[in-house]
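Hi,

Here is the structure I promised to pass on. Have a look, and my notes follow below.

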Amino acid sequence: MLGVVFATHEINQNKKLLTNITLGFNIYDSCYSESRATWGTLALLSGTKVPVPGYICKSHPVVVGVIGELMSSLSVSVARILGIYHFPQISHGSMHSSLSQKSLFPSFLRTVTNYLFPHSRIAQLIRHFGWTWVGILTSDNELGEFGGQYLKMEILRQDMCIDFMEKIHIQYSKERLSKIIQVIRKSTANVIIVNSDEVHAQPFIEALYSHGITVKVLVFTCVFIITPGLYSKETRIIMNSTLGLSPFTGTMPGFKEFLQGLNPSAAVDDIFIKPFWEKVFPCKWQHNLSFPSIIPSEIKNENIFCTGMEKIEETVMDYFELNDLSFTYHTYLAVYAFASALSSIILHRSNNESFTSGYLSGTDYIQPWQSQVLQTLKNVHLYTTTGEEIYFDENGDAVIPYEIVNIQILQDGTFRLVKVGRMEPRASSGKEVSINVSAILWNENYTEAPPLSVCSESCLVGYRKILQKGQPVCCFDCTPCSSGEITNVTDSLDCWKCPQNQWPNENRDACIPKVIEFLSFAEPLGTTLAVITLFMTLLNALVLGIFIKHRDTPIVKANNRELSYLLLLGLMLCFLCSLIFIGNPTATTCLLRQTIFGIIFSFSISLVLAKTIIVVIAFKAARPDSKLQILLGPTVPKVVVCFCFIGQFIICAAWLLSNPPFVEYNAKYANVKIVIECNEHSVTFFYCMLGYLGCLAVVCFVVAFLVRNLPDTFNEAKFITFSMLVFVSVWLSFIPAYLSTQGKYMVAVEIFAILASSAGILSCIFLPKCYIILLQPQKNTRKHLMGTA
C-alpha cells in the first residue's frame, strides 16, 4: 500500500510524465477473502461504498485500472469481473499459470511471471545443491494443488525424488498439523519445499517450532513477506537458512525517507496510520480531545497519549521489513506502468484537446473499458535505475529475473534477507541460474555446507547403482564394477568396459594401458634362453672346428665328413633360429620363424637320415658281389636330403602363400596385459609342418634302430638311434606342453624344444667322436678302425 502511495506522489511531482494530470487512488482491503475481493471490485466499478453491479454511479470514470491482488486465488475472482469490461488489472504477486490465459482473463497483467518459471527454477536450484530427496508442502486450495503438481513434475524431470507431499492450510486443526509433523519427523529428507503463501505456511512453521524440529532446510517457491506480528522471534529460528525465490527488486530512491516522513497530521484521511502509530509507539490516541473523560481509566492513569509529533527512527523502521521489498517494488512498477500508459495516450491526443481539473474536456475522457488503456499497457516498457528492462509478454506476464534469497538469523537475533543468486529467464541455456554458495548462511545444526538431502549416499566412481526394489530411483545400493569395467562418474547406473588394449585401474574409475608382454631379451627367461642358445651355437661351432681340423683322421672320414659338416652347420642354424622367437614379434619374424625352423630342422633330420642310410649301405655292400656298391657314391645322400627337404619346403611355401602368420595383440590370456605374439593363422599348416618333421624323425629312428647292432666300431647307428629317440621324445612332450601354456611361456616351450632336440643330436652323434679325437687319439687310427671292423 505504501508503495502505491509513494509511487503516486512521485509521479504527481514529475511534471514531465503526466502534465496537468494528478493521480489518485482508492484502497479496498480484501482481507484474504475472495468474497471481500469481489465486493471491493464491484464497489470500485460502480463508484459507491455499497456495490451496484452493472452500474456506474459517478459522472466520470476516474478509475482507469486496478492494482492487485497479491494472492492468485483473489486475483482470479477480481480478474473474472474486470475481464468482462476489459478493465485493466495489474497484479504484483499473483503467479498462477491460468491467469496467463487471455481467453479467460483478457485484461489481466502482472509485474511478476507465472509460477511455471520459478517452480522450474526451484527444481534447478534443488539440483544445483545435489538434493535428490525432498519433501513438498503445498497449500490446500486449487492454486496450491496446481502449483504442487507442476513442482512435482519438474522435480521428477530433473531425476530427483519426493519423499512425501502434504497439504497445509490456515484452518487445519492441531491434530491434522501434528500428523503432518510426524511425517516430516520420520522423513529422511532434510529439505522441504514449501509451495504456499505466508498465511497458510504460518501454522506449519509454528507447529515445527513447537515440536522441536529445527534441522530442516525450507525452500520457498517464492519468498513471502515476513510479517512481524505473524511470527515470534523464537519461531523465526525455524526459518534460519531458508532459501527462496523473490521477484527482481530494484531501487526506489527516496522510499526510506518517505517512510520516515510518515505522520498522522500529514495524512488525516489515512485510516491505517493511527493503528500503526499506536503499535510502534507506546501511546494511545485520544478519541475526542474535547471529552477526555471517555479515555479508558488505565490509559488515563498512565497519561501516555499520541501527539503525532513522534519521529520514526531506525528502530521503528524494522516494522517495515525493508529486507524484502519485492512485492512493494512490483506494486511500485504497476503504478508506473499505468502512469506510462496514460502518458502515451495523452501524447497521442490531438493538440486541440485541453484539460480541465485533471479530466479531458467534454466527453473525451479516458474510458478504460474501451481497451485504450489496456492495449497501451501491454506495450509499456519500463527501465529501472540499474538499466533493467521490464515489459509484458503476449500473456501479460512481466519478463523479469528472479533473485535467490537466503533468510539469515544472526546470533543476536537479527533477521535479514540476503540475495545470494539470480535466475535470468533471458539468459542462454545453461546460464539461467547463478548462485554464490559462500554467501549462504546455513543452519548451525549442519556440519556440511550445503547440507545433504539424499535417500542414499552417492555411489563413488568405480561403483554402480542397484535400485532398491519397490523404492524410488533415488534409493539404491552401491556395488563395485565387474572385472574389466569402470565408471568415472558418481551415481552411475552402469559400468562400461575398457577398450581391449586397456584395463581398469585399482579404483576402477579409469582405463589404463595394459602391460605389453612378449618374451624379451631383457627379462631373465629371455636372457637365459638367449645365453643357452649362444653357448650351444659356440659349442656346435667348436665341434665343427674340431672336425674340420681333424678332417683327415679315420674317424672323421669313416662318418662321411661332408654330411657331418652339413649336419653340424644345420644344427648351428637350428640353435640360432631359436633367437628369432625372442624379442618383440614383427611381421617379418612372424613370417619366418616357424617356416625357417621347419625347413632347417627338416634339412638336419634329412642329413641324419642320409647318414643312417649310408651306414646301412656301407655294411650291406661290404661283400664284393653286393649290388648295393653302386649306392656308395655321393648321389644317394644328396637324393635323400633333397627329397626330404623339398617336402617340408613345399608345405612352408604353401603356408606362407595361403595363410601367412601375422602379429597379434592378444588380450584374452590375462586381464591386465596384452601379449604380442605371432598368430600362426593356420593351425593345419603348423601341425603339418611339425608332423612332417616328426615323420622324418620316426623314419630315421626306425632305420637306425634296425641297424643298431651292425658291427660298427663307433656304434654310429646306435648314436643316431639315441639322438632320434631324444628328438622324438622332446617333440612328443612339446605338444601337450605347448598347448597348456600361454603367451611368452608358449614361445619359451618351443625354444626349449628346439634347443633340447638340437642338443640331443649334437651330443649323441658328435660328442662321442670328439671324445675319441681329443681324449683318445690312439683309437683314431685306421688300424684300430679296421681291427674292430
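Helices (H or I, at least four residues) and strands (E, at least two) are DSSP runs, numbered from the N terminus. By that count the protein chain has 23 helices and 24 strands. Keep in mind that this is a predicted model: local features need pLDDT of at least 70, side-chain atom pairs count only at pLDDT 80 or more, and totals for chains, interfaces and linings use all residues. Residues are numbered from 1 along each chain as its sequence is written, and side-chain values use heavy atoms, with hydrogens and water left out.

Of the 789 residues, 49% count as buried (under 20% relative accessible area, 1.4 Å probe, protein chains only).

Arg-110 is buried, at a relative accessible area of 0%. Its side chain reaches the backbone oxygen of Ser-94 at 3.0 Å.

Then there's a helix pair: the axes of H17 (residues 561-577) and H22 (residues 744-775) come within 9 Å and cross at roughly 155° (axes are lines fitted to C-alpha atoms over the stretch in contact, with angles from 0 to 180 degrees between N-to-C directions). H17 and H22 are therefore roughly antiparallel (over 145 degrees). In H17, the residues that meet H22 include Leu-567, Leu-571 and Phe-575; contact means heavy atoms within 4.5 Å. On the H22 side, Leu-755, Ile-761 and Phe-766 are among them.

Cheers

Terms used. Buried means under 20% relative accessible area, exposed over 50%, partly exposed in between (1.4 Å probe, protein chains only). A polar contact is a pair of N or O atoms within 3.5 Å; within protein, one must be able to donate a hydrogen and the other to accept it, and residues adjacent in sequence count only if both atoms are side-chain atoms. Angles under 35 degrees count as roughly parallel, over 145 as roughly antiparallel, 65 to 115 as roughly perpendicular and the rest as oblique.
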